Amino acid sequence: MQFQPWKPQKYDDKLLEVVGITSALHLGQLQTGAATGLRLAQGQHILIEFRNPTETLALQLDGEPWEETGAKIELS
């Protein structure tokens with residue numbers, strides 16, 4: 001699969017953007033504009049797969065946080 005450059009973010013482009021952060025410090029830097037999120041994916045249909053069932057990841061979707069272990073998350 002060949003990756004294409006990210007298109008500029010727009011509300012009406014029907015694309016989802018998945019952005020990651022690395023720590024609470026990184027989150028604070030985002031709030032002040034000193035850093036940007038890590039661009040993980042952009043598209044109309046995104047599948048995220050966590051293969052380690054023993055590792056817990058903190059996630060947030062549309063402002064709602066939760067913890068997840070080994071799972072598949074499909075966004076469309």
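The largest pocket holds about 1,100 Å³ of space. Several elements give two or more residues to its lining, namely β1 (16-20), α1, β3 (46-50), β4 (57-61), β5 (64-68) and β6 (71-75). The lining is made up of 25 residues, and those nearest the centre of the pocket are Val18, Val19, Gly20, Gln60 and Leu61. By type, the lining residues divide into 17 nonpolar, six polar and two charged. The model is a predicted one, and the values given here are computed from it.

The protein as a whole comes next. One helix and six strands are present, and from the N terminus they follow the order β-α-β-β-β-β-β. Along the principal axes, the C-alpha atoms fill a box of roughly 35 × 35 × 25 Å. Of the 76 residues in the protein, 16% are buried. Among contacts with a separation of 6 or more, 39% are between residues 24 or more positions apart.

Is His26 buried or exposed? Its relative accessibility is 8%, and buried means under 20%, so His26 counts as buried. Apart from neighbours within four places in sequence, His26 touches Gly20, Ile21, Ala35, Thr36, Gly37 and Leu38. Of these contacts of His26, Gly20 is also one of the residues nearest the centre of the largest pocket.

Thr32 also belongs to α1. Thr32 has a relative accessible area of 64%, and the cut-off for exposed is over 50%, so Thr32 is exposed. The side chain of Thr32 comes to 3.1 Å from the backbone oxygen of Gln29. After α1 comes Gly33, which has a positive phi, near 85°.

Lys14 also has a positive phi, of about 60°, although Lys14 is not a glycine. Lys14 sits in the segment before β1. With a relative accessible area of 69%, Lys14 is exposed. How far apart are the C-alpha atoms of Lys14 and Thr32? They are separated by 28 Å, and the two residues are 18 residues apart along the chain.

Charge pairing is the last topic. Side chains of opposite charge can pair when their charged atoms come close. A search of the whole structure finds one salt bridge, and the side chains that form it are those of Glu49 and Arg51, with 3.7 Å from N to O. That distance counts because a salt bridge requires the nitrogen and the carboxyl oxygen to be within 4 Å. How accessible are the two partners, in terms of buried, partly exposed or exposed? Glu49, at 39% relative accessibility, is partly exposed, whereas Arg51, with a relative accessible area of 69%, is exposed.

Conventions:
Residues are numbered from 1 along each chain as its sequence is written. This is a predicted model: local features need pLDDT of at least 70, side-chain atom pairs count only at pLDDT 80 or more; totals for chains, interfaces and linings use all residues. Side-chain values use heavy atoms; hydrogens and water are left out. Buried means under 20% relative accessible area, exposed over 50%, partly exposed in between (1.4 Å probe, protein chains only). Contact means heavy atoms within 4.5 Å. Helices (H or I, at least four residues) and strands (E, at least two) are DSSP runs, numbered from the N terminus. A polar contact is a pair of N or O atoms within 3.5 Å; within protein, one must be able to donate a hydrogen and the other to accept it, and residues adjacent in sequence count only if both atoms are side-chain atoms. On a 1 Å grid over the protein atoms alone, a cavity is a set of points where a 1.4 Å probe fits but cannot get out, and a pocket is an open set with protein on both sides within 12 Å along at least five of seven lines; lining residues have an atom within 4 Å of a point. Grid points are joined across faces, edges and corners, and a volume is the space filled by probe spheres set on the points. Ala, Val, Leu, Ile, Met, Phe, Trp, Tyr, Cys and Pro count as nonpolar, Asp, Glu, Lys and Arg as charged, and the others, Gly among them, as polar.
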